[in-house]
Structures are given as C-alpha cells and as structure tokens.
Amino acid sequence: MNPIEHRIELRDVTKRFGDFTAIAPLDLQVIQGEFIALLGPAGAGKTTILRIIAGLEKPTSGTIHLDGFDVTSMPAPRRDVAMAFESPALYPHLTVERNLALPMRAQHIPRNAIERRVSEVIDRLRLGPVRRRKPWRLSTSECRRVSLGRAMVRDAKCVLFDEPLVHFDGEEREHMRRELRAIHAELRATTVLSTRDPLDAISTADRIVVVNQGRVLQSDTPQAIYDRPADLFVARYLGAQAMSFLSASHADGIARLTCCNLAIPVDDRGAQPVDAARITLGIRPEHVRIDPRGVPATAVVTNSTPNGVVDLRLGDVPIRASAQPGRQLQNGEIVPIRLDSAGCRWFDATSGKALPWRTRTEST
Ligand code: ATP
C-alpha cells in the first residue's frame, strides 16, 4: 500500500475565534497506521486540532488532507474519522452493547460480525458485567470506556481520542494505556490521541507532538524528546520532577554554573545564546552521580523524594541525583557530585531554545 494513503495532513492550518488565535500556522502529518499523541497543557489547542481533523471545526485558513485528498470542505460524516470525546455522548435509551453496535450498524456490517466485534471490545475494556446496562446505571469510568469502544469498533481509517484517559486513575489508567496500545497494534488505524499527561503520551504513542499556544514545539519519538528536548518548555513538561535546571554563563568554550562557579568545557559550535550571561543547564538525575571527585552539594532529605534519587542543593539551587545503593544520606550532609557530560543539555535562557552544544568532558 502506498504509504501516503490514509494519512492525515494539516497544511498551514490556523484557527481564530474572534480576535483570539487558538491555532497558529500549524503543519502536521500522520502516516498510515501511526499512533501519535498531541501533548500539551490546558488550552494548548489539542481539542481544536482534533475537531479540525474530524470536520467539526472549520480552519480559518489552511487545508486538511486525508489519504492525500483535500477534505477541507468535506462535512464530518463523510470523512470516515471516528472520534471519542472527552465528555462521552452515549445514547441514553440503549444498552452498552447497543451503544457499541450502533456505529457499525450505520456502516451496514453483517449482524454476526457486529456481535463478534462488540464482544471483543467489551472484553478488552472490561465491560462484561455491565454490557446490558443503560448509560444512567454506569459509572463515569464505564461511560468513558463505552465512548472509547464506540470509536474503536468501527473500522474507521482514522481514530481520534480527546483526552481519553483523563477520568482514569492508578491501575485502571495503566490498564487503559495498555489497551489503547494493544488495540492499535491489532487494528493499525491511524490514531491521534490528545493528553496533558506526559506518561499517557510516552506509554501509548509512536510519536509525540508537543503543542502549546497553538504551535508545535517538537515532534519526535518519546525517547528522542526525553533525550533532546527542543526547548525549556518541553524539557520541563516531560518530567518537571526529573530534570534539574541550573543557571550558567558562557565565554570562550566554558560554561560556568552560577550556583557554584563550576566550569564545564563545551563544544559551542552552532547556535549561540541571545545573552551569553543567561544560559541554562538541564540535567536528569541519572546523570548526576555521587562521586568523590565531584563538587560539594548538600543533601535535603524529605519524605516526598521518589526512590532511586536524592535531593541535593548545589549552592542554593536544588538538584536531583542518582542515589547510591545502600547509602542513606542525612539531612544537611555534604556529598560530592559529578555531572556526566553525556547528560548535560544546554538552553538559551532568553529564548528557551535548546543549544546544539556538546559537553566536552566530565565537569571538574
Ligand atoms: P484542554 O486540555 O483544556 O482540553 P486544549 O489543548 O484541548 O485544552 P482547546 O480546547 O483546543 O485546548 O482550546 C484552545 C484555545 O482555544 C483555548 O484558549 C480555548 O479557550 C479556545 N477555544 C476553543 N474553542 C473555542 C470556541 N469555540 N470559542 C472561543 N474560544 C475557543
């Protein structure tokens, strides 16, 4: 099959509501069978993007293509796009089974094929005990699952999930993430999911598109975004807990941390910061190690620190390091730490953009 078929493409799409620009010029491509997550905070524009793909919202400018065809003026029912909304709209007079069967009935699929498919979806979404109930007798989580099921049962070319996991917690949320992934692996429908939760995105999607203020900030595999965030917003959004940020200045191939005067040699070829006195080092705990050759830091022992890491202060700046197995730190204890050059990420603090610099050797 031609890889261009069945894909979703937004070209130069904008959306304004009155004077307010919800979507700045935005390009997005989803290839056949791909599963992408639109990840961003409240108001980023995720739902608007999904509604534009589904045909429920008209873009102010730009075009939408499905399977290579311009569908910008095509009404929603003709687009063959299934969408599960954040607030499920179920038919109140129909049972769970019949709510699930309805989208396939509309496609004139044979009755036994409908029954088989509905049973599969009921098993996957753990809806067996409530299959003959009507929506008013369902919990919020059960309603959400029926709504997801309705998007999954019909053999649509594209499936859009708007914040599908927002009402699930704990083990149930993990189960739903696994199921979304498993169903996608089975059906291979081109899928777009929106979420505010980085973990939802990381654990379900092949590719994450980070959006904020109607713009795409970065689009890449979860691993690539985790390893090389495009800017400080993405770095903070994908694990605010995980990456520590330290202010620094830069001159003659040396970055100097403000908090402790530590000099870190950098290969500073490529983009330069707007202001050399304002750069930021981002580093994750796995790259900050307790090591006798390091610089002194002070342990801050709290009950909220996750396992496997320790909270420290370098000068007056918090920094999270890998815990040393078997070593229990006391509050206020001074420990030496070293920063792995491979884990140092440099950002221009003025623009927030990542700098393409490499850190030459371990800090000394
Ligand atoms: P959330 O995670 O809260 O659902 P989102 O990323 O899905 O947020 P959107 O719902 O797409 O964001 O909204 C993007 C921006 O557009 C928001 O500021 C919102 O208030 C605005 N907006 C969306 N729909 C309309 C509308 N019909 N009229 C006016 N403004 C709107």
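This is a predicted model: local features need pLDDT of at least 70, side-chain atom pairs count only at pLDDT 80 or more; totals for chains, interfaces and linings use all residues.
## The largest pocket

Rolling a probe the size of a water molecule over the atoms shows where empty space is left. The largest pocket has a volume of about 480 Å³. Lining this pocket are 20 residues. Those closest to its centre are Val81, Ala82, Met83, Phe85 and Arg154.

Which elements each supply at least two residues of this lining? They are β6 (81–84) and α4 (140–153). The largest share comes from β6, with four residues. By class, the lining of the largest pocket holds 15 nonpolar residues, two polar and three charged.

## The second largest pocket

The second largest pocket contains about 310 Å³ of space. Its lining is made of 17 residues. Closest to the centre are Thr305, Val309, Val310, Ala323 and Gln328.

How do the lining residues of the second largest pocket divide by class? Eight are nonpolar, seven are polar and two are charged.

## A glycine in a loop

Gly270 sits in the loop that runs between β13 (263–267) and β14 (279–283). Is Gly270 buried or exposed? Its relative accessibility is 54%, so Gly270 counts as exposed. The cut-off for exposed is over 50%.

Now compare sequence with space. Gly270 and Trp357 are 87 residues apart along the sequence. In space, their C-alpha atoms are 7.3 Å apart.

Note on methods. Residues are numbered from 1 along each chain as its sequence is written. Side-chain values use heavy atoms; hydrogens and water are left out. Buried means under 20% relative accessible area, exposed over 50%, partly exposed in between (1.4 Å probe, protein chains only). On a 1 Å grid over the protein atoms alone, a cavity is a set of points where a 1.4 Å probe fits but cannot get out, and a pocket is an open set with protein on both sides within 12 Å along at least five of seven lines; lining residues have an atom within 4 Å of a point. Grid points are joined across faces, edges and corners, and a volume is the space filled by probe spheres set on the points. Ala, Val, Leu, Ile, Met, Phe, Trp, Tyr, Cys and Pro count as nonpolar, Asp, Glu, Lys and Arg as charged, and the others, Gly among them, as polar.
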